[in-house]
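Hello,

Here is the structure I promised to pass on to you. Have a look at it first, and then read on for my notes.

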Amino acid sequence: MKLDRITSNPARMNGQPCIRNLRLTVRRVIELIATYPDRQELYQEFPELDEEDIFQALVFASTYLDDRQIEFSEPYETSA
């Protein structure tokens, strides 16, 4: 998948990945998604963002997460 809306410029936002050379980092967009569960409210507050920007930010962020198993020293229990 081509992530053509994710840009990185060493002279902007310390080279952090941003949305379309805006001063909105991918990290900030992920935070906004959590802060504004209603996407329409998010788009009102940040009209420069659109659905494809959010989608690509999520895809980009997910590429940095990998599945791995972590072994705990003690048995791990959950309560129901």
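This is a predicted model: local features need pLDDT of at least 70, side-chain atom pairs count only at pLDDT 80 or more; totals for chains, interfaces and linings use all residues.

Residues are numbered from 1 along each chain as its sequence is written, and side-chain values use heavy atoms, with hydrogens and water left out.

A search of the whole structure turns up five salt bridges (a side-chain nitrogen of Lys or Arg within 4 Å of a carboxyl oxygen of Asp or Glu). One of them joins the side chains of D53 and R20, at 2.7 Å from N to O. D53 sits in helix 3 and R20 in the loop between strand 2 (18–19) and helix 1 (26–35), so this pair ties together parts that are 33 residues apart in sequence. (Helices, H or I with at least four residues, and strands, E with at least two, are DSSP runs numbered from the N terminus.) D53 is buried, at 0% relative accessible area, while R20 is partly exposed, at 33%. (Buried is under 20%, exposed over 50%, partly exposed in between, with a 1.4 Å probe and protein chains only.) Both residues also belong to a network of salt bridges that links R5, R20, D50 and D53.

E31 is partly exposed at 30%, and R27 is exposed at 59%.

Best wishes
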